[in-house]
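Here is a short report on a protein model and its ligand. Look at the structure first, then read on.

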Amino acid sequence: MSAAYERVKRCAAFVRAKTEFVPRTALVLGSGLGGFGDRVQVQAVVEYRDIPGFPVSTVPGHQGRFLFGTVGGEPVAVMQGRVHFYEGYPMEEVVLPLRVLHELGCTRLVLTNAAGGIGADLEPGCLMLLTDHIASFVPSALLGPNLEELGTRFPDMSHVYSQRFRALAQEAAGELGIPLKEGVYLQTTGPNYETPAEIHLYRAVGASAVGMSTACEAMAARHMGMEICGISCITNLAAGLGNGPLSHEEVQETADRVGGQFQDLVERLLQKLAALD
Ligand code: HPA
């Protein structure tokens, strides 16, 4: 067994010793979904800092823990807080929590994030369903020896975001009267926001939105054969498309403003996932 996989097993065993709960869907909470924990019927909480060797976020205000429980009948493992590549963690660390959740039973993944809007149809406050992503501007999450126990050396990435999950997300949005745009998410390393020239480039290569997470996580999850849904909260117009400089405060302000809607959508989606085999 590789050292990397042994580490995944060790972390999973630590969590398993704290709770017998078997989740089916992993949910990563991005900006705007911080309050989603209130919608989980929580059965167990495990702090990242208690798990030996587990990466812990350095971003002020970011929580760091797993919630295990149910939402709308779906057994979930919620990541309240994630670590980012820009914090200095290697990609292998960034995706470790998802590998642990897969080891604990998750076969499905709902990823959420805040992103800057590039597409002409995207304005601050709207939600965007990911149809695909561009991970070419960050190192692959799968560099290094392949974890054979998890997946193949050369995994296919033709269909990262599940067609049936996308349909259910649109159905959920329709029922709630929430417009749900669709587009391609491009990941940068961050932590700086982009220059207008970079945004020009990203638009030219087909990006609808830009952010600093998610694509690497989706890639690692797809490697393990997980079925994935991704939703971005468009918190700002990307650099050069709006007025004035970008700021983390603006991102958080918008995320908080539409947080209730975002939570409604994710909750309804999980209800629908619960009904799927
Ligand atoms: N760029 C990168 N990441 C982001 C942005 C952005 O404009 N907004 C929220 N996260």
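## Terms and basis

A polar contact is a pair of N or O atoms within 3.5 Å; within protein, one atom must be able to donate a hydrogen and the other to accept it, and residues adjacent in sequence count only if both atoms are side-chain atoms. This is a predicted model, where local features need pLDDT of at least 70, side-chain atom pairs count only at pLDDT 80 or more, and totals for chains, interfaces and linings use all residues. Residues are numbered from 1 along each chain as its sequence is written, and side-chain values use heavy atoms, with hydrogens and water left out.

## Contacts to the ligand

Glycine 116 has a polar backbone atom 3.3 Å from a nitrogen atom of the ligand. Glutamate 194 places a polar side-chain atom 2.9 Å from a ligand nitrogen. In asparagine 236, an N or O atom of the side chain lies 2.7 Å from a nitrogen atom of the ligand.

How much of the ligand does the protein bury? Taken alone, the ligand exposes 260 Å², and the protein buries 95% of that. These accessible areas come from the Shrake-Rupley method with a 1.4 Å probe; for residues, only the protein chains shown count as cover.

## The shell and the pocket

The ligand is surrounded by Ala114, Ala115, Gly116, Tyr193, Glu194, Val210, Gly211, Met212, Thr235, Asn236, Leu246 and Val251. The shell divides into seven nonpolar residues, four polar and one charged. Here Ala, Val, Leu, Ile, Met, Phe, Trp, Tyr, Cys and Pro count as nonpolar, Asp, Glu, Lys and Arg as charged, and the others, Gly among them, as polar.

The ligand takes up the space of the largest pocket. On a 1 Å grid over the protein atoms alone, a pocket is an open set of points with protein on both sides within 12 Å along at least five of seven lines. A molecule sits in a pocket if more than half of its atoms lie within 2 Å of its grid points. Strand E5 (108-117), strand E8 (209-211) and strand E9 (227-237) are the elements that give two or more residues to the shell around the ligand. E5 gives the most, with three residues. Helices (H or I, at least four residues) and strands (E, at least two) are DSSP runs, numbered from the N terminus.

Threonine 112 lies in E5. Threonine 112 is buried, at 0% relative accessible area. Buried means under 20% relative accessible area, exposed over 50%, and partly exposed in between (1.4 Å probe, protein chains only). The side chain of threonine 112 reaches the backbone oxygen of valine 28 at 2.7 Å.

Tyrosine 185 sits in strand E7. Its relative accessibility is 0%, so tyrosine 185 counts as buried. A polar atom of the tyrosine 185 side chain lies 3.2 Å from the backbone nitrogen of methionine 212. Methionine 212 is also one of the residues around the ligand.

Leucine 237 belongs to E9. Is leucine 237 buried or partly exposed? At 28% relative accessibility, leucine 237 counts as partly exposed. Leucine 237 and valine 210 are 27 residues apart in sequence and 9.8 Å apart in space, C-alpha to C-alpha.

Why is helix H3 (residues 96-103) described as largely enclosed by the rest of the structure? Because six of its eight residues are buried. They are Leu96, Pro97, Leu98, Arg99, Val100 and Leu101. Valine 100 has a relative accessible area of 0%. Valine 100 and alanine 220 are 120 residues apart in sequence, and their C-alpha atoms are 11 Å apart in space.

Glutamate 217 lies in helix H6 (residues 215-223). At 2% relative accessibility, glutamate 217 counts as buried. Glutamate 217 and alanine 141 are 76 residues apart in sequence, yet 7.6 Å apart in space, C-alpha to C-alpha.

## Backbone details

Most residues other than glycine have a negative phi, and most peptide bonds are trans. Threonine 214 has a positive phi, near 70°. Threonine 214 is found in the loop between E8 and H6, and is buried at 0% relative accessible area. Just after H3, glycine 105 takes a positive phi of about 130°.

The peptide bond from glycine 190 to proline 191 is cis, with omega near 0°. Proline 191 is in the loop between strand E7 (180-187) and helix H5 (196-204).

Methods:
Near = heavy atom within 4 Å. 1 Å grid on protein atoms, 1.4 Å probe; cavity = no way out; pocket = protein on both sides within 12 Å on 5 of 7 lines; lining within 4 Å.
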